[in-house]
Structures are given as C-alpha cells and as structure tokens.
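Visitor: Could you walk me through this protein, one step at a time?

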Amino acid sequence: MSITAVKEYLKQFNLDSRVQEFEQSSATVELAAQAADVIPARIAKTLSFKVGEGAVLIVTCGDTKIDNQKYKAFFGTKAKMLTPEEVVEFTGHAVGGVCPFAVTNGNVRIYLDESIKRFDSVLPAAGSSNSCLRLDPEELMRASKAEGWIDVCKLQIEN
C-alpha cells in the first residue's frame, strides 16, 4: 500500500490531489512517459544506491544515467545499486514505484540531479507501478526533503 502512504505524506504539502493513477503500468521511464503523455526525459526516475550502511536516492531525468566518475567524486565510493529487496527495505517502495516520498527508513539520503532543472515540471512515481504526479523542481525539492542538488548524471546516448 505504498501509494496510500505517499498520498498521506504529500498531504502536508497540499500535493496529494496531484497523484495520478493509470490503468496501465508506469514502472519504467518509457511506460510512464506513454501513460502520462510526456517525453521520457520529463519522467523523474529515482535511482537507489548502497552507500556504507545506508542508501542514497538520486532523482534524475528519464534520459540520464549515472556518471560513475562524478558519482565516485561526490560520494567517495563506487556506485552500487540496491537489490530489489534492499529497495523495499530502505524505501518502503517496490521497484517500479520507487519515489523520494514517504521513505520508511531513516538511513536514506535523498538528492536531486541538476538535470531536472531543465524542465518546468517533471513526473516522479508516487509509490506504485502505475502512478505519478507532476511537480516543478522546487516543489520536488520541498516534498522530497532532498539534501540538495547534485551533478552526478549524464545524458544517455540512444543507439
């Protein structure tokens, strides 16, 4: 019931009414873009990494990927993604619905990648594999309680 927790969490920011639920899956960037009728870059995907005994969530645009050199320079360690089980343990959300809202574990730090600032609004998941909400970058910063903006991603090059 992660989407229920996210809606409840978003009430404190008066954003709960913006949550959209779709009939179809929005579990990947491509599926979310189709469901929300936006370009994939505007999907704000939440990537989850193990750092020490805790986790880091990085919210970035759908057309980016982690730049390993930038990541290591910022976090002081190699990028190691969480397993699906660890994702649930640290965030309370299953893969496909991971978002920076209503995170259940206190040992998680949240950051927003600078790539998000390219858009007037982006669409992160809302705790389920068929949901999202539209936020401007500052609303995303406030609602996610992110520690700050970082630059650890690069654009993906499509073949």
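Here are a few questions and answers about the sheet and the cores.

Guide: This is a predicted model, where local features need pLDDT of at least 70, side-chain atom pairs count only at pLDDT 80 or more, and totals for chains, interfaces and linings use all residues. Residues are numbered from 1 along each chain as its sequence is written, and side-chain values use heavy atoms, with hydrogens and water left out.

Visitor: What is the bridge partner of L57 in β5?

Guide: Strand β3 (residues 54-61) and strand β5 (residues 108-113) run parallel, joined by 5 bridges. Within β5, L57 has as its bridge partner I110.

Visitor: Which residues touch the most other members of the largest nonpolar core?

Guide: A nonpolar core is a set of buried (under 20% relative accessible area, 1.4 Å probe, protein chains only) Ala, Val, Leu, Ile, Met, Phe, Trp, Tyr and Cys residues joined through side-chain atoms within 4.5 Å. The largest one has 35 residues, and those touching the most other members are L10, F101, L133 and L140.

Visitor: Which residues does the second, separate core include?

Guide: This second core is made of 12 residues. Among them are L47, I58, Y71 and F75.

Visitor: Which residue follows α3?

Guide: At the start of helix α3 (residues 68-75), a side-chain oxygen of D67 reaches to within 3.1 Å of the backbone nitrogen of Q69. After α3 comes a residue with positive phi, near 75°: G76.

Technical notes:
Pairing = 2+ DSSP bridges. Helix = DSSP H or I, 4+ residues; strand = E, 2+ residues; numbered from the N terminus. Polar contact = N/O pair within 3.5 Å; in protein donor to acceptor, adjacent residues only side chain to side chain. Buried < 20%, exposed > 50% of the residue type's maximum accessible area, 1.4 Å probe, protein only.
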